[in-house]
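Reader: I'm new to this one. Could you take me in for a close look at a single part, and go slowly?

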Amino acid sequence: MHPAFSVIFLTTLIGAGQGLFLALYTGQVYAFFHLLPAQADGRFYAIGSLIALLLLIGGLVASFFHLGHPERAWRSAAKWRTSWLSREVIVLPTFMGVVFLYGVAHSLGWHTPLVTLGTLTLDATMVLGVLGTALCFALFICTAMIYACLKFLQEWHSPLTVANYLLLGSASGFTLATAYSAYAAPDLVGFYGKWAMVITLLALVTRAASLVRNARLKPKSTLQTAIGVRHGQIVQKSQGFMGGSFNTREFFHGQGAGLLRSVKWVFLVLVFALPLLLLVGGLFSSLSGLLSAAFLAQYLGLLAERWFFFVQANHPQNLYYQTIS
Amino acid sequence: MTQLALVIDLNVCVGCHACVTSCKEWNTSGSAGAMSDDRPYGADPTGTFFNRVQTFEVGSFPNTETVHFPKSCLHCEEPPCVPVCPTGASYKRKEDGIVLVDYDKCIGCKYCSWACPYGAREIDEHQKVMKKCTLCVDRIYDLSLPEAERKPACVRACPTGARLFGDVHDSESAVSVAIRESGGYALMPEWGTKPSNHYLPRRKTQIRIHTDELMRADNPLKKERQLPQPDKSEPSLDDVTSW
Ligand code: SF4
Ligand code: SF4
């Protein structure tokens, strides 16, 4: 497939925003159970939510560049019963709304108990956090399923796609939370840093698994099934036109195998190896610059990872567009 | 239920592209607006088409065969392109099974084209909406046309009659009979899309002859033996006819 930069930015930006929100709320839940020191005021969560919201808005803006008719985008909420894209279109703004409210609740200190469970009392921030977490996971699933549900894009049609979107997004969000807490709440750096490393390692496992899986894939469609002629040797002599068409532009990436291989190693280093080293270094040396560099490296790596994700997918329609004439 | 579809006879198609040009002519002149082109007479022309004719070579020299292969939307019975459309712009009509795009609803997200394994959908780069074969839906029901002309433009244009059009759910229709009796098949059956359009394979008429069949071994009526020389005394044919 041809990698669309709007979609690369959409998925990586909202992934980081979602991960950051998950990190903020995880921290709050730990503090709620007295496993972490509580924050004196809501500023840490409020500014964190603002950063998450900005990332989500950035993703949303990027997504509009993918549409031919952005002014009709509201129509895309119609078919949520059948289309994962439609579901994403509904869940993303809902999640953004909840993140916004979560930040507002923290900055305005809405701490009146809403729900009482035994000795525990939940205020608005905790309730909004639960809601936001559910929406956040739903959004990861919707985004990934847009790709994973297309069964003839065999590289994408796997539960590993969902795992990768979930873990890679969360990893970048937790790394960002580590860098952010180094400035805003230094007592949380160790907590976020360790989670960021754990999730990055988990993501490495699932991403490596999908690389191995895709390297061994055997395409189900062949020229034989594409034109229905049973013969071992078929070559296309003409695709029916001399210039390009949508079919030759949208589904071919036109990059050499060498570039693909290098991008694969680039993203493996930038998403996994380098951030892990920088996180370890940052935690031991308490240099906050290293932690910010970890996030930057990981985000850049994720751009390469997403590019590779698109380029690696082989669409069966390409069988019909092999030879100009 | 009706399912309109094309049946394309690869045994007959000569690859002349008449269906491609007639399709473009009819559909670019319709009320839905032009199918836009860029640099049509330039070095690198590109444009929107519903139908393409491709050519494949089967086998290796000297035992090769050229297969001309017209390809357009197959109006699948289980169209994977329809459920993924977020707006409902892509839909399959209940009454005749044609898969259509509502150009007023389409947001140009291209997701449906990713979901079609056949590459049958092309975005119009100027109108920014998805386009594909409509089976000439604005023509086949047009009562102002004589009945014989209420067929897709490509079917009418094909000089060799390689394209049949009809209801593949009616077992007695010409298309159903052709599929049944001439080995009609669907493209990429592995994805379960159940294409309605079918293709008829290349066919060769051959009989198998053994050498002993070249000379009749049994000849009960002795039809083929050398006739005996008539005796000189017998009347010859000349004698019979000349008296
Ligand atoms: S051929 Fe492609 S565009 Fe046409 S109905 Fe089937 S999947 Fe949809
Ligand atoms: S490009 Fe148009 S028809 Fe295709 S999925 Fe998007 S909105 Fe639907």
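Author: Leaving aside residues up to four places away in sequence, B:Trp114 touches A:Met1, A:Tyr147, A:Leu150, A:Phe152, A:Leu153, A:Trp156, A:Glu250, A:Phe251, A:Phe310 and A:His315 (contact means heavy atoms within 4.5 Å). Before going on: this is a predicted model, where local features need pLDDT of at least 70 and side-chain atom pairs count only at pLDDT 80 or more, while totals for chains, interfaces and linings use all residues. Residues are numbered from 1 along each chain as its sequence is written, chains are lettered from A and ligands numbered from 1 in the order in which they are written, and side-chain values use heavy atoms, with hydrogens and water left out.

Back to our tryptophan. The largest nonpolar core has 152 residues, and B:Trp114 is among those touching the most other members, along with A:Tyr147, A:Trp156 and A:Tyr320. A nonpolar core here is a set of buried Ala, Val, Leu, Ile, Met, Phe, Trp, Tyr and Cys residues joined through side-chain atoms within 4.5 Å; buried means under 20% relative accessible area (1.4 Å probe, protein chains only). Helix α1 of chain A, residues 5–32, gives the most to this core, with 14 residues (helices are DSSP runs of H or I, at least four residues, numbered from the N terminus). There's also a second, separate core of seven residues, including B:Val175, B:Ala178, B:Ile179 and B:Leu200.

For ligand 2, 13 residues surround it, and B:Cys112 is one of the closest.

How values were computed. A residue is near a molecule or strand if one of its heavy atoms lies within 4 Å of it. Buried means under 20% relative accessible area, exposed over 50%, partly exposed in between (1.4 Å probe, protein chains only). Helices (H or I, at least four residues) and strands (E, at least two) are DSSP runs, numbered from the N terminus.
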